[in-house]
Amino acid sequence: MSVINGVLNLLFLVLAVGILGMSLYALIHALRVPGNAFISAGKLKKELWLLILGLATLFAAAGSWSYFTAFMIYGGAVFIGIGLGIFSIIAVIAATVYIVDVKPAVKGMGGRGGSNGPYGPW
């Protein structure tokens with residue numbers, strides 16, 4: 001039974017780390033986009049997206065840590081179940097909404113310049 005618990009903890013650990021990576025990616029992208037790009041695209045303000053994605057990253061990190069401790073420290077002998085599952089679901093929804101909806105809308109607005117000439121990239 002401990003082998004099955006270990007496999008399940010490893011599976012949930014991999015999923016939690018994937019959610020953490022996705023949340024971090026969305027948060028870093030939101031940090032790099034200027035605030036007026038969100039308003040120009042008709043989306044929520046940058047500060048609100050940073051709050052949402054910051055909480056999503058925090059929830060995903062907590063979920064990853066709980067599965068990491070269950071797998072590495074307890075050796076997978078104890079299956080902790082979904083653990084912080086509802087918070088991981090909230091985190092993946094927030095990051096997905098940002099990546100799928102907001103990121104394409106604010107793409108190309110502001111950011112770094114200087115590498116494009118009058119007729120496109122040099």
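Guide: A salt bridge here is a side-chain nitrogen of Lys or Arg within 4 Å of a carboxyl oxygen of Asp or Glu. That rule finds one salt bridge. Some ground rules come next. The model is predicted, so local features need pLDDT of at least 70 and side-chain atom pairs pLDDT 80 or more, while totals for chains, interfaces and linings use all residues. Numbering runs from 1 along each chain as its sequence is written, and side-chain values use heavy atoms, with hydrogens and water left out.

Now the pair. Lysine 43 and aspartate 101 join through their side chains, at 3.2 Å from N to O. Lysine 43 sits in the loop between helix 2 and helix 3, and aspartate 101 sits in helix 4, so the bridge ties together parts that are 58 residues apart in sequence. Helices are DSSP runs of H or I with at least four residues, strands are E runs of at least two, and both are numbered from the N terminus. Side chains of opposite charge can pair when their charged atoms come close.

How covered are the partners? Buried means under 20% relative accessible area, exposed over 50%, and partly exposed in between, with a 1.4 Å probe and protein chains only. Lysine 43 is partly exposed, at 26%. Aspartate 101 is partly exposed too, at 39%. Of the chain's 122 residues, 31% are buried.

The chain has four helices and two strands, in the order α-α-α-α-β-β. Contact means heavy atoms within 4.5 Å. Among contacts with a separation of 6 or more, 75% link residues 24 or more positions apart.

A nonpolar core is a set of buried Ala, Val, Leu, Ile, Met, Phe, Trp, Tyr and Cys residues joined through side-chain atoms within 4.5 Å. The largest has twelve residues, including Trp49, Ala95, Tyr98, Val102 and Val106. Helix 1 (2-32), helix 2 (35-40), helix 3 (46-73) and helix 4 (85-106) each give two or more residues to this core. Helix 4 gives the most, with four. Nonpolar side chains tend to be buried together in soluble globular proteins.

Leaving out residues up to four places away in sequence, alanine 95 touches Met22, Ser23, Ala26 and Leu53.
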